[in-house]
Amino acid sequence: EGMTILVTGGAGYIGSHTVRALLRAGHEVAVFDNLSSGHAAALPHGVRLFQADLLNPDAIMQALAETQAEAIIHFAARIEVGESMREPLGYYRNNVLGSLNLLQAMQDTGRRIPLVFSSTAAVYGTTDAVPIPESAPLRPESVYGETKLMTEQMIRAAHAAHGQPYTVLRYFNVCGAAPEADIGEAHASQTHLIELACMTALGKRAKMMVFGDDYPTPDGTCLRDYIHVQDLADAHVLALGALLSGRFDAATYNVGLGQGFSVREVLDTVDQVVGVRLPREVAGRRPGDPPRLVADAARIREELGFAPQFPELRQMVETAWAWHRTHPNGFEF
Ligand code: UFG
């Protein structure tokens, strides 16, 4: 068998878009996913799926041996901030222990396998930095953010001790869907603003709640740095290319566009795209929401040449809507 990129969590939202981007770039791909929140239907035909859990070290060893993976992109994780506060041990076990098992299995191959790791802006917590550089203090406020930071630290320690090559990507607010509209966001419990607004436009929810309009921002609602999932997927391909070429062996990048949009601007854009004014109600602040989360995105632009193809909020919303409109029940129908 040829050399392959092994993608953990490759059947999930960001994972499945990245699998596609890797194939487009000419890589061979295999996926390791327990399908707890991913969907086999999100995978292109011909991509091998190891349906297994990172809590099972033997299954990881087997996937590494059978694919002879030349690199790993590691997405598999539980990702809900609120749930992580209610069920912290499940998050530490799945995200931290799962990642530890992966790193150990990689080391046990006796080969040096480059790793691209899926991290989050949640590692910064509330910060005064505007925009946020990679060097900002790391003080996650959620267990979710904590598990991602702990994994980053394990990876850095493995690099320091035995040269584990890595790139950490810290994502800001990921949204949108493949322009083909055949894969997209399909989470069981929807919490993301644009996805919820699309569900409201489909009549699956009565109205949109605006969580707070008294923040110290221009229109009083929170500012976020939205990035299209296909641009984020392409960022993984760039990061992987730099690692495989040996140009870098340790790097950490924010992945955002460096522009902030308010909740109001997002909802106005959804209204324009769906052609209806969605009912809106201002509700209280959601606990843990920082007023402003915007990336300093200079490093990834300058070092990796990252150039987004979908920089407009309108494109992000249009592709999300095209997916949800044609797949109102996600991958179920
Ligand atoms: N919002 C609403 N109404 C809703 C849903 C969201 O007003 O019904 C607001 C939120 O309060 C927030 C903004 O819309 O101000 C965006 O909220 P999302 O839930 O879409 O995204 P978050 O910014 O909360 O979270 C994202 C990722 C997390 C990651 C975090 C980094 O989803 O995984 O950014 O801080 F941890």
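Biologist: Which domains does the shell around the ligand draw at least three residues from?
Modeller: Both domain 1 (5–173 + 226–255) and domain 2 (175–225 + 258–294 + 308–326) supply at least three residues each. Those bounds come from an automatic or database domain assignment. Keep in mind that this is a predicted model: local features need pLDDT of at least 70, side-chain atom pairs count only at pLDDT 80 or more, and totals for chains, interfaces and linings use all residues. Numbering runs from 1 along each chain as its sequence is written.

Biologist: Thanks! Which residues come nearest to the ligand?
Modeller: Ala 122, His 192, Leu 193, Phe 211 and Cys 222, out of 20 residues around the ligand. A residue counts as near if its C-beta atom, placed from the backbone, lies within 6 Å of the molecule.

Biologist: And which elements give two or more residues to that shell?
Modeller: α6 (193–201) and β8 (208–211) do, and β8 gives the most, with four residues. Helices (H or I, at least four residues) and strands (E, at least two) are DSSP runs, numbered from the N terminus.

Biologist: How do the shell residues divide into nonpolar, polar and charged?
Modeller: There are 13 nonpolar, four polar and three charged residues around the ligand. Here Ala, Val, Leu, Ile, Met, Phe, Trp, Tyr, Cys and Pro count as nonpolar, Asp, Glu, Lys and Arg as charged, and the others, Gly among them, as polar.

Biologist: Back to the domains. How far apart do their C-alpha centres lie?
Modeller: The centres of domain 1 and domain 2 are 25 Å apart. The contact takes 24 residues from domain 1 and 27 residues from domain 2, where residues are in contact if their C-beta atoms, placed from the backbone, lie within 7 Å.

Biologist: What gives the most to the domain 1 side?
Modeller: That's α1, with four residues. The residues on this side of domain 1 divide into eleven nonpolar, nine polar and four charged.

Biologist: New topic: how many helices and strands are in the protein?
Modeller: Ten helices and 14 strands. The radius of gyration is 19 Å, close to the 20 Å that the globule rule gives for 333 residues, so the protein is as compact as a globular protein of that length. The radius is taken over C-alpha atoms, and the rule is 2.2 Å times the number of residues to the power 0.38.

Biologist: What share of contacts joins residues at least 24 apart?
Modeller: It's 78% of the contacts between residues at least 6 apart in sequence.

How values were computed. Two residues are in contact if their C-beta atoms, placed from the backbone, lie within 7 Å.
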